[in-house]
Amino acid sequence: MFRDAWLIAGKDLRIEMRSRVGLNQIVPFAVTVLVLFAFALDTDQEALRTYAPGLFWVTVLLAALLAIGRSFAVDLADGAADRLLLSGIDPISVFGGKAAAIAVQLVVLEVLLGAGVVLLFDVTVHRYGLLVCAGLAAAAGVATAGTLYGALVAGLGVRETLLPLLLLPVVAPVLIGATRAFQDAFGVAGAEGWAWLGLLAGFAAIYGVFGAFSYGALLEEA
Amino acid sequence: MESAVRLRAAVTLLGRFPALAGVDLDITPGEIVLLKGPNGAGKTTLLRLCAGLCSLSTGQGWVLGHDLNSERRMVRRRVALLGHRTGLYDDLTVTENVSFWARAAGADSIDVDEAMERLSLTGRLADTRVARLSAGQRRRASIASLVVRRPELWLLDEPHAGLDQQTRDTVDALVRGAAAAGATVVLATHELERIAVLEPRVVSVVGGVVRADDDPADSESPDPSSEAEDDRRVS
Amino acid sequence: MTTATTESTGTGDGIPATTSSRATKVLGWLTLAGFAVLVALAFAWVPEDTRITEQGDVVGQFDAVRLMFVHVPSAILAYTGFGLTFLASLAYVRWRTDWWDMMAHASAEIGVVFGVLTLVTGSIWGRPTWQTWWEWGDVRLVTTLVMVLVFVGYLAVRRIPADAVVQARRSAVIALVGAVNIVIVNRSVDWWENRTLHQQSTLIARKIRDETLFTLSFSFAVGMVLFAWLLLHRFRMAYLQRQIEELEVDEALAERRAEAGMSETQGGRP
Amino acid sequence: MTHVGYLIAGWSISVAAVLAYAGWVLMRGRSLSRRVPENRRRWMMPDD
C-alpha cells in the first residue's frame with residue numbers, strides 16, 4: 001500500500017520536475033498575485049505587514065487550485081487514468097500518492113512565496129517552529145481535500161470552473177487556521193498559534209481519512 | 001474450463017445512449033476473437049466492458065471468472081486493454097513509463113528489459129521522452145507497458161490504426177505471441193486480412209448487439225454507411 | 001402556493017398531470033391558512049421588542065423583531081433541508097437506491113432556497129438592529145454562508161449530465177464532506193471571531209416575550225408544513241425526471257436493436 | 001410602527017422567493033407529468 005502510494009507520488013513529482021509547469025507557471029502566477037495585493041493595498045507598508053499572513057494563504061489557495069487541476073490533467077491527457085484503474089493499485093494508495101505529491105509541491109510553493117512575503121511585505125519571523133509546522137499541516141489539509149475534489153471533478157468538461165466552487169468553501173477553515181497561526185508566527189497579532197495548528201492537523205486528518213475511503217467510489221466512473 | 005468472457009443480455013449505457021443493447025457472448029480461454037462491424041456498433045464499449053472499465057446497466061457478465069457486476073477490480077488487474085489512447089505520460093521517457101506501469105502491476109525490472117527488447121525500444125529510443133516519439137513508437141511503448149503485466153486476456157481496439165509497417169508487424173507478432181502463450185485475445189480491427197492467417201473466430205457487432213458469424217470467409221471490409229453513428233457515443 | 005390546489009390539467013382520461021395529490025393539497029391549504037394566521041399574529045398580536053435599561057433608556061429591536069418570524073423559520077428550514085440531504089446521502093451510501101438519491105437532491109435544493117432567504121432576511125434584520133448588513137462576528141451567519149456555498153456547489157454538480165449512478169455517488173460524497181465541513185467551519189469561525197479559544201459569542205442574550213416565543217413556535221410549525229409540501233412536490237418532480245430518462249433509454253434501446261435487425265426485446269431495462 | 005421599510009422588504013422578499021420557487025416546481029412538475037404515462041405516476045392513482 002505504501003509502496004504503491006510512493007510509486008504514484010514519485011511519478012507525479014517526476015513529471016512536475018520534468019515539465020516545470022509548477023516552477024514556470026504556477027509560482028510566477030502566485031508571485032504576481034502577491035504583487036497585485038501590494039498594488040491593491042497601496043504602498044502602505046504597515047497594512048501589508050499586518051495582512052501578510054492572510055494574503056499569503058489566499059495566494060497559496062489560488063495556486064493550489066492550479067496544482068490540483070494539473071495533477072489530474074496529467075493523468076487524463078492520454079488515457080493514463082484508465083490504466084491506473086486497470087493497474088489494480090488500491091484507490092487508497094492512489095489517493096495517498098497524489099495527495100502527497102500535491103502536498104510536496106505546495107510546501108515548495110510556500111517556501112518560495114514565504115521568501116517573497118518576507119522580502120516584499122517586510123515581515124519578520126518570530127516563531128520558526130510554528131511557522132514550519134503550520135505550513136506543513138496546512139499543505140497537508142489543502143492537498144487531501146484538493147485531491148478528493150480533484151478526483152470528483154476530473155473528467156468533467158467544466159472541471160476548471162467547478163473545482164474552485166467546490167473546494168474553496170471547504171478549505172475556508174484552513175485559511176482561517178493557517179492565517180491565525182502565521183499571524184502569531186510573524187508576531188503581527190497575538191493568536192494562539194499552536195491551538196490553530198491543532199485545527200489544521202485535525203482538518204488534514206479528517207480529509208485524509210475521508211478522501212482515502214471515498215476515492216475508490218469516485219474513480220469508478222460508470 | 002471456465003469461459004474467458006461470458007456475457008448475458010449485457011446492456012451498457014453511455015450517458016443515455018445504449019452502446020451495448022443486449023450482448024450475449026462466450027469466449028473460451030486461448031481463443032482469438034475478431035470483432036467486426038461498422039463504427040459506432042459498440043466494439044469499443046464491448047472491449048471496455050470486458051476490461052471492467054464500463055459498467056453493466058443490466059444483464060450479467062463474467063470475465064476470467066469474475067463477476068462484472070461486483071468484482072470489476074479483480075477483472076481489471078488481469079486484462080490488458082490497448083485503446084486509442086496510449087496511457088503514457090508525455091514528460092517521462094519510454095523506460096520510465098514502462099517501468100512505472102510494470103511496478104504498478106507488480107512486475108520485475110527483468111520483465112521491463114524483455115518487453116522493451118521485444119518491441120525494439122532499445123538504444124537512444126529508450127531514454128527519449130514520450131512526447132518526442134512518432135505515433136508508431138508511442139504505440140509500441142504503450143504495448144510494452146502492457147506486455148510487462150503478463151495479461152491473461154488481451155483486448156485490442158484498432159491496434160493497427162494509423163501505424164507504420166514496422167509497428168503493424170509488431171502488433172501481429174504480439175497477437176501471435178499472446179495466443180501461443182495461451183492468452184485469450186479479443187480484437188477489433190479493420191485490417192482483416194492481417195489477422196485472417198491466425199484463423200480467429202469472427203464475431204459481428206452491429207447496433208450494440210452481437211451476432212455469431214461462423215463464416216470466416218465473410219470477412220470483407222465493414223459497411224461504412226453508418227459511420228456517423230460514432231458521434232452519438234457521448235462519454 | 002395557491003396553484004397547488006387549483007384544478008388539474010388533464011391528460012385526457014381523468015388523471016391530472018400534476019405532482020399534487022390529496023396529501024399535498026391538504027398541506028398546501030394548511031400552509032396558506034397557517035401563513036394568514038402567522039401574519040396576523042406577527043403584526044397585530046406580538047408587541048414591539050423594547051426594554052428599559054437601568055439608566056432609563058429604551059432599547060431593543062422595536063418592530064424589527066417582526067422580521068424574526070420569517071428569518072428564523074427560514075433558517076430552520078434551511079438546516080432541515082441540509083440535514084435531510086446529509087441523512088439521505090448517508091442512506092444512499094448504505095442502500096444505493098434511487099429513492100434516497102432523489103430525496104437528497106430535493107431537500108438540498110429546498111435547503112439552498114431557504115438558506116439564501118435566511119441570509120437575505122438576516123441582513124435586513126441586522127441593518128436596523130446591529131447597524132450593519134453583515135456581521136462577521138456572528139458564527140451562525142458565517143457558517144450559514146459557507147454552508148449555502150457548499151450546497152450551491154452540490155447543486156452545480158447535480159446539474160451536470162452524467163450517468164445516474166456516477167452522479168449519485170459523486171453527490172453523496174459532496175453532501176457528506178459538506179456536512180463534516182459545516183462542523184469544522186462552525187468551530188473555526190467561532191474561535192476566529194472570538195480571537196481566543198475559550199469564549200462563546202453571545203450577541204443576543206435578551207429575554208424573549210411570551211407572545212414572541214409563541215409566534216416563533218407557530219412560524220416553525222407553518223414552516224415545517226411548507227417544507228413537507230415543497231419536498232413532496234420537488235421529490236415527485238425528480239421522480240418524473242427519472243421516469244422520462246428511463247423512457248428515453250427504453251426508446252433508444254429499441255432503436256438500437258432495430259438498427260441491429262433484431263426482431264424484439266432481449267434483455268431490457270427493468 | 002418602526003422599521004416599516006425593513007419589514008416590508010423582509011416579508012415580501014420571503015413570500016416572493018417561496019412563491020417563485022413553489023411556482024417553478026409546480027410548473028415543471030406539470031410539464032414533466034405530461035410526458036410520463038399515467039401508470040408511472042403512482043401518487044395520482046388512488047381515488048383522487
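A residue counts as buried here if 20 or more other C-beta atoms lie within 10 Å of its own. Keep that in mind for the views below, which all come from a predicted model.

**View 1. Chain B, seen as a whole.** Let's start with the overall make-up of this chain. Chain B has 235 residues, and buried ones make up 53% of them. Its secondary structure comes to seven helices and ten strands. Now look at contacts in chain B with a separation of 6 or more: 73% of them are between residues 24 or more positions apart.

View 2. The general idea is handy here: an α-helix has 3.6 residues a turn, so residues three or four places apart point the same way.

**View 3. Helices H8 and H9 of chain A, side by side.** H8 covers residues 172-186 and H9 covers residues 193-219 of chain A; their axes come within 8 Å and cross at roughly 150°. Angles over 145 degrees count as roughly antiparallel, and H8(A) and H9(A) are therefore roughly antiparallel to each other. The crossing itself is left-handed. On the H8(A) side, the residues that meet H9(A) include A:Pro173, A:Val174, A:Gly177 and A:Ala178. Across from them, H9(A) brings in A:Trp196, A:Leu197 and A:Phe203, among others. Sorted by class, the residues of the contact of H8(A) with H9(A) are ten nonpolar, two polar and two charged.

**View 4. Helices H3 and H7 of chain A.** Here is another helix pair in chain A: H3 (residues 45-76) and H7 (residues 159-170) pack at an angle of about 130°, with their axes 11 Å apart. That angle makes H3(A) oblique to H7(A), and the crossing is right-handed. From H3(A), look for A:Leu61, A:Leu65, A:Ile68 and A:Gly69. They meet a set of H7(A) residues that includes A:Arg159, A:Glu160, A:Leu163 and A:Pro164. The contact of H3(A) with H7(A) has seven nonpolar, one polar and two charged residues.

**View 5. Where chain A touches chain B.** In this view, 19 residues of chain A are in contact with 22 residues of chain B. On the chain A side, helix H1 (2-19) and helix H4 (80-86) each supply at least two residues. Which helix gives the most to that side? H1(A) does, with six residues. The chain A side has nine nonpolar, four polar and six charged residues.

**View 6. Where chain C touches chain D.** Last stop: 36 residues of chain C are in contact with 30 residues of chain D. Helix H2 (68-95), helix H3 (98-130) and helix H6 (210-259) of chain C each supply at least two residues of the side that touches chain D. H6(C) gives the most, with nine residues. By class, the chain C side comes to 19 nonpolar, eleven polar and six charged residues.

Notes: Residues are numbered from 1 along each chain as its sequence is written. Chains are lettered from A and ligands numbered from 1 in the order in which they are written. This is a predicted model: local features need pLDDT of at least 70, side-chain atom pairs count only at pLDDT 80 or more; totals for chains, interfaces and linings use all residues. Axes are lines fitted to C-alpha atoms, for helices over the stretch in contact, and angles run from 0 to 180 degrees between N-to-C directions. Helices (H or I, at least four residues) and strands (E, at least two) are DSSP runs, numbered from the N terminus. Angles under 35 degrees count as roughly parallel, over 145 as roughly antiparallel, 65 to 115 as roughly perpendicular and the rest as oblique. A crossing is left-handed if the near helix is turned anticlockwise from the far one by less than a right angle, and right-handed if clockwise. Two residues are in contact if their C-beta atoms, placed from the backbone, lie within 7 Å. Ala, Val, Leu, Ile, Met, Phe, Trp, Tyr, Cys and Pro count as nonpolar, Asp, Glu, Lys and Arg as charged, and the others, Gly among them, as polar. A residue is buried if 20 or more other C-beta atoms lie within 10 Å of its own, exposed if 12 or fewer, and partly exposed in between; C-beta atoms are placed from the backbone.
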